[in-house]
Structure formats: structure tokens, C-alpha cells
Amino acid sequence: MNEKQQLTMKDIARMLGVSVATVSRALKDSPSISREQRDKIQKFAREHNYYPNVIAATLRHSKLGPGKVIGVIIPQFTHYYFSSVLSGIEEEAYKRGYRISVAQSNEQYKREVEICRSFYQNQVCGVIVSQAKDTEKYDHFKFLIDNGVPLVFYDRICAGINCSRVVVDDYQGSYNAVSYLIDRGCRRVAFFGSPLNMEISKNRFNGYKDALVHHGLGYDESIVKICDNRDDAERTAPGLLALPNRPDGFFCVNDDTAIGVLYTAKRMGLDVPEDLQICGFTNGYRAVACDPQLTTVEQRGTQVGKEAADALIDMVEGKYPIDHVVKRIVKTHLVVRGTTR
């Protein structure tokens, strides 16, 4: 991306001893700061070859084509949750006069970096993103922020950057789901989750673990697995279900994983929910297409998308300064169906 070879707003702010927000306003010729300050910053930017980025910033915030386009990065199109978030983003963007440009990272860090570069070069007015599973370096996100491109994370937030985000109450949703399994008689609840480098995974795991502790049940690391898709669930679940002290409940990080456990249990001759109770997290179409239908945490993806688009557009239109961090939490609720008693 060659970010280090390019001067950023953050660089200008540091060199002139002002905030990034002040630089952003000056480059947009905002009357909220003095003419003297605006002239000083604009002159400095031109002298240091930042002028092309000044033009890009003007286009981003104009009422013309490029300035009305929001870049959206989703990990995978095939997941119901991400498609529902995308629907919410598009609906809110359309209502407020914006279009969206959508790209899929396919859970690949390198591809995510390339998408960010492309969005910047194509002068989108802001970016909404859920990071890829293997993303552990965040220079591509910092580059956008440092160059005045508003950024909002949804679902999978970037812990390495203090940035605007819209998430569901992953911890509470997980805690409530596991508590429900325990209340329905489960005493040995397994956890199938995503890699713990992601905040969403940590929060759901912590909700699971705290529910066990608060209900007086022991935590057993042997029934906690990194397993977050149906194929892996069908490979991993048989070993746990064949144990003499097998789990009598499963809490899974998403519906596909939970359905993998469900059909594995049925193939092994177990009755769901009499022998085994299962809870997922999403409440997509597949939750009602399996037999029995899946008890799951409703993730409200469409609302998450609307909130993310609303927060980003407010930033683009100047309701919040460029360095203001917006944090919104969308509440979940448990949808009880046939995989629990």
C-alpha cells in the first residue's frame, strides 16, 4: 500500500501541532476554524505534495458522484448474517442519498488490504468493515483514518484501533443463551467458537464461561473448541459426543456450526433435545430449515447495518468530527425453538 511513503493528515497535524480534526476541517475549507489557520494548513499541505489528497477529500465530501459512495467490506457473501447487515447498510444509505460499493475479503488479510487501497483510490466518502478472521495488522485501517476517511467497524471490530463501531451485545447474548441451557437441565455445556484473536469471539467465550461459573458449574477446557463452521463441527463433534461423560449441551458461535452439531448428534442416534440441547447464534433462515428447528440468539443484522450506515454518514456530513469515536450496541434476544427442552 506504500502508506509510509505518503504524507497523511496525521503527519500534518503532528508537524503543525494541531489535531487531525483541525487539519481535516482546514482542507475542506470549513469556516469552523479561522481563515488564518485554514490558509496555513492548506499552504503546508501543498508544499508537502499533499495537494492530490486535498482534491480527493473535496470529492469525498462533495454532493457529486464519488463523494456519495460508501465502501463496504464483508468477510463472506454466503453468510446470512453478513448479507442481512449489507441489506441494512444499503437501506439506510439509500434513504440518505448515498450508494454503496461492496467488496468481499473472503476472510483474507491480504485481500482486505487491497480493498482498502482500492476504496481510497476511488475516493469513497467512508468505509464500513467487518475484519477478516486472520487480520492481526491494522496499518491499512489506520491509513484510511489518518487520511480523513471515516471508518466504522461492525460485528468484528479492530481492537488495535480506537475507532467507531456497531456491535451486538455478544457477551450478554452468550451469557443468556448458556444460562438458558443450564436452566433447562444442562450440566455439561460445550462451546464451539471462533479464533480468540477477534473481540467478538472473546466476548462470546467470556459470556459462556461466566454463565457456567455464576451457575456453579465448572469450566472444562476439553469441551471448548475452535470450531466455527458446519464442516468443522461435523468433524469435531463426534469425538466429544462419544465420550463417557459427553456434553449434554452445546453453545455454538453461529447457526451453521450448531446445525453441524445437530445432524452429527442425530447420525449418532442421539435425540435432540432429550439427550442433547443445542443453541446457536444468528437466527438466519437455516435455523428454521433444520429438524428440529434451532434455538438461537437473534443477532439483528439488518439493524446493525442501519446503525453502521447512520453513524458513518453522520461522520461524513460533519455531525461528528473526524476523530470522534461512535460506539453503538444492538441488543440481542434468545429465540427458543426445538433444540432445547
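In this predicted model, six strands form an open sheet in the order 7-6-8-9-10-12, and their pairing is mixed. Strand 7 and strand 12 (333-335) sit at the edges, each pairing on one side only. From one strand to the next, the twist averages 20°.

Helix 8 lies across strand 6, strand 8, strand 9, strand 10 and strand 12, and runs at about 165° to strand 9. Helix 9 (residues 199-214) has 16 residues and spans 22 Å from its first C-alpha to its last, close to the 22 Å expected at 1.5 Å a residue. Viewed down the axis of helix 9, the buried residues fall within an arc of 155°, so they line one face of the helix. Those buried residues are I200, S201, R204, F205, G207, Y208, A211 and L212. An α-helix has 3.6 residues a turn, so residues three or four places apart point the same way. The buried residues of helix 9 pack against several elements, including helix 8 (170-183), strand 5 (164-168) and strand 6 (189-193). Just after helix 9, G216 adopts a positive phi of about 75°.

As for confidence, the chain has a mean pLDDT of 91, with 93% of its residues reaching 70 or more. Over residues 51-56, however, the pLDDT is below 50, and this stretch has eight contacts in the model beyond near neighbours in sequence. Where pLDDT is low, the predicted coordinates should not be read in detail.

Notes. Residues are numbered from 1 along each chain as its sequence is written. This is a predicted model: local features need pLDDT of at least 70, side-chain atom pairs count only at pLDDT 80 or more; totals for chains, interfaces and linings use all residues. Side-chain values use heavy atoms; hydrogens and water are left out. Helices (H or I, at least four residues) and strands (E, at least two) are DSSP runs, numbered from the N terminus. The expected span of a helix is 1.5 Å times one less than its number of residues. Buried means under 20% relative accessible area, exposed over 50%, partly exposed in between (1.4 Å probe, protein chains only). The arc is that of the directions from the helix axis to the C-beta atoms. Contact means heavy atoms within 4.5 Å. pLDDT is the predictor's confidence in each residue, from 0 to 100. Two strands pair if DSSP finds at least two bridges between them. Axes are lines fitted to C-alpha atoms, for helices over the stretch in contact, and angles run from 0 to 180 degrees between N-to-C directions.
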